[in-house]
Amino acid sequence: MHKKNHFCNQSLKDLNTFAIDVKAKKIIFAKTIKDLINISKMCNISNTPYIILGEGSNTLFLENYTGVVIINRIKGIKITEKKNFWLIHIFSGEKWHDLVKFTLNLGIFGLENLALIPGCIGSAAIQNIGAYGLEFKDFCQYVDILCFKKHTITRINKNSCKFSYRNSIFKNQYSNQYGIISVGIKIVKTWRPIIFSSFQKYITLTNITAHNIFNLICKIRKKKLPDPKKIGNAGSFFKNPIITKKKAEKLASLYPIPFYPQKDGLIKISGGWLIENYKFKNIHIGDAAIYEKQQLVLINKKNATSQEIVKLAKIIHTCVFKKFNISLEPEIDFIGPIGKIKSSDIFELKKNKV
Ligand code: FAD
Ligand code: EPU
């Protein structure tokens, strides 16, 4: 039976985890690369703006979208076994957490630290998702992208993806005119568990298995982070700031802030700690609020508008800057009526590495 795959003037509320009730002129579900190419061609001809969404778990729609929102449901996983590793080719509309479970159940271990991260494979590459000592870039071999102008597909090798903390070439140079089609990852057969400092107390030498780490991480995340099915949110609203050693030492002389030294000599500090220690007293703007258990996460308690969320985020940004001299940079993507809006057009971002 033919199921309807496009909708006009419908709410995006169920298609973004912040549960923002704005409309899109058109919503189209794409199940194949051909669907995506056809939608792109149609929009190019009629000069209609379009964006691709996975699960909408890192996105804040600021207003009604005047073009086509393409919901990527291009699926498929192909595993090739080699002597010492597996190569896995995954289409971009697969859900990240489903891949983690799928590989684990096949005895392919390595992705377990990235369990329960919402969103699709395509966005995992764009965002270089990360958690508990691991990032997407640690497995990525290549990313295949579709050019929306020429409708050609190009393979971008991992070294050209310019992955860094919650960043990649797909958020910059290849941001608007390209769609992610599929990715390739490599998992080596010699499994080495990554034991993050905070779960040392739960994992002992006798029970280190990939399944145990997976279960533990799911448990920790369920405790710490709000479930988008119950409370609207997009995970961490801001990134953790990365600052110079000199700036970190100055901060540490004033406050007992936890430090996370990086390989390049810079220091990552906790944005959640900064917000928590500003001690906003029960601050909320309408239904927009700070999640008490994890203060880097902003929530939509019920019917918040994106304006309320942005207003709250701006207050947090300004107050944290005034107190700690640290400029919090948003992690999420802002979508205006015709496309993405740079966070520097919304927030007065300042350089932290000076
Ligand atoms: P979307 O919000 O749908 O899209 C994100 C951006 O990518 C948008 O600009 C969209 O236009 C673009 N895009 C999407 N797909 C394509 C494509 N195929 N081609 C081109 N552009 C595309 N992130 C982490 O890194 N670590 C975490 O631990 C983590 N925890 C989270 C916990 C919760 C409860 C929530 C709600 C979010 C969390 N996140 C985390 C953030 C989020 O899960 C990731 O950023 C995820 O990768 C977003 O996937 P998505 O498919 O929902 O992206
Ligand atoms: N902290 C506080 N108060 C808070 C939150 C954190 O004091 O409200 C301090 C604590 O010292 C805590 C430390 O910060 O021990 C680290 O906190 P947590 O483990 O919760 O991690 P995070 O730095 O807040 C980051 C990612 C998460 C990821 C976790 C686990 C970013 C922006 N966020 O959060 O990713 O799941 O680490 O590795 O890097 C996301 O990107 O959306 C996301 C949820």
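Ile257 counts as buried, at 7% relative accessibility, because buried means under 20% relative accessible area. In this predicted model, Ile257 sits in the loop between helix H5 (245-254) and strand E15 (259-261). Ile257 is 76 residues from Asp333 in sequence, and their C-alpha atoms are 28 Å apart in space. Asp333 belongs to the surroundings of ligand 1.

**Annotated domain**
- In an unreviewed entry, UniProt lists residues 20-190 as "domain: FAD-binding PCMH-type".

**Strand E12 and its partners**
- Strand E12 covers residues 178-188, and eight of its eleven residues are buried, so the rest of the structure largely encloses this strand.
- E12 runs antiparallel to strand E7 (residues 85-91), and seven bridges join the two.
- One of the residues paired with E12 is Phe85, whose bridge partner is Val188.
- E12 also pairs with strand E10 (residues 140-147), again in the antiparallel sense and over seven bridges.
- In that pairing with E12, Cys147 has Tyr178 as its bridge partner.

**Surroundings of ligand 1**
- Ligand 1 is surrounded by 33 residues, and the closest are Ile52, Ser57, Thr59, Ser123 and Asp333.
- A polar side-chain atom of Asp333 is 2.6 Å from an oxygen atom of ligand 1.
- For Glu55 the contact comes from the backbone: an N or O atom there lies 3.0 Å from an oxygen atom of ligand 1.
- Arg166 places a polar side-chain atom 3.1 Å from an oxygen atom of ligand 1.
- Ligand 1 taken alone exposes 990 Å², and the protein buries 95% of that.
- Two or more residues of the shell come from each of strand E3 (50-53), helix H3 (121-127), strand E8 (130-131), E12 and strand E13 (232-236).
- H3 gives the most to this shell around ligand 1, with four residues.
- By class, the shell around ligand 1 holds 14 nonpolar, 14 polar and five charged residues.

**Surroundings of ligand 2**
- There are 21 residues around ligand 2, and Tyr165, Asn240, Glu276, Gln294 and Gln295 come nearest.
- The side chain of Gln294 has an N or O atom 2.5 Å from an oxygen atom of ligand 2.
- A backbone N or O atom of Ser236 lies 2.8 Å from an oxygen atom of ligand 2.
- For Glu331, an N or O atom in the side chain is 2.9 Å from an oxygen atom of ligand 2.
- Taken alone, ligand 2 exposes 820 Å², of which the protein buries 80%.
- Helix H4 (210-224), E13 and helix H6 (271-278) each supply at least two residues of the shell around ligand 2.
- H6 provides the largest share of that shell around ligand 2, three residues.
- The shell around ligand 2 divides into eight nonpolar, seven polar and six charged residues.

**Annotated active site**
- UniProt, in an unreviewed entry, lists Arg166, Ser236 and Glu331 under "active site".
- These residues are spread over 166 residues of sequence but cluster in space, with a largest C-alpha distance of 11.1 Å.
- Arg166 is found in the loop between strand E11 (153-157) and E12.
- Arg166 has a relative accessible area of 15% and is therefore buried.

Key:
Residues are numbered from 1 along each chain as its sequence is written. Chains are lettered from A and ligands numbered from 1 in the order in which they are written. This is a predicted model: local features need pLDDT of at least 70, side-chain atom pairs count only at pLDDT 80 or more; totals for chains, interfaces and linings use all residues. Side-chain values use heavy atoms; hydrogens and water are left out. UniProt positions are given in the numbering used here, feature names are shortened, and annotations may be inferred rather than shown by experiment. Buried means under 20% relative accessible area, exposed over 50%, partly exposed in between (1.4 Å probe, protein chains only). Two strands pair if DSSP finds at least two bridges between them. A residue is near a molecule or strand if one of its heavy atoms lies within 4 Å of it. A polar contact is a pair of N or O atoms within 3.5 Å; within protein, one must be able to donate a hydrogen and the other to accept it, and residues adjacent in sequence count only if both atoms are side-chain atoms. Accessible areas come from the Shrake-Rupley method with a 1.4 Å probe; for residues, only the protein chains shown count as cover. Ala, Val, Leu, Ile, Met, Phe, Trp, Tyr, Cys and Pro count as nonpolar, Asp, Glu, Lys and Arg as charged, and the others, Gly among them, as polar.
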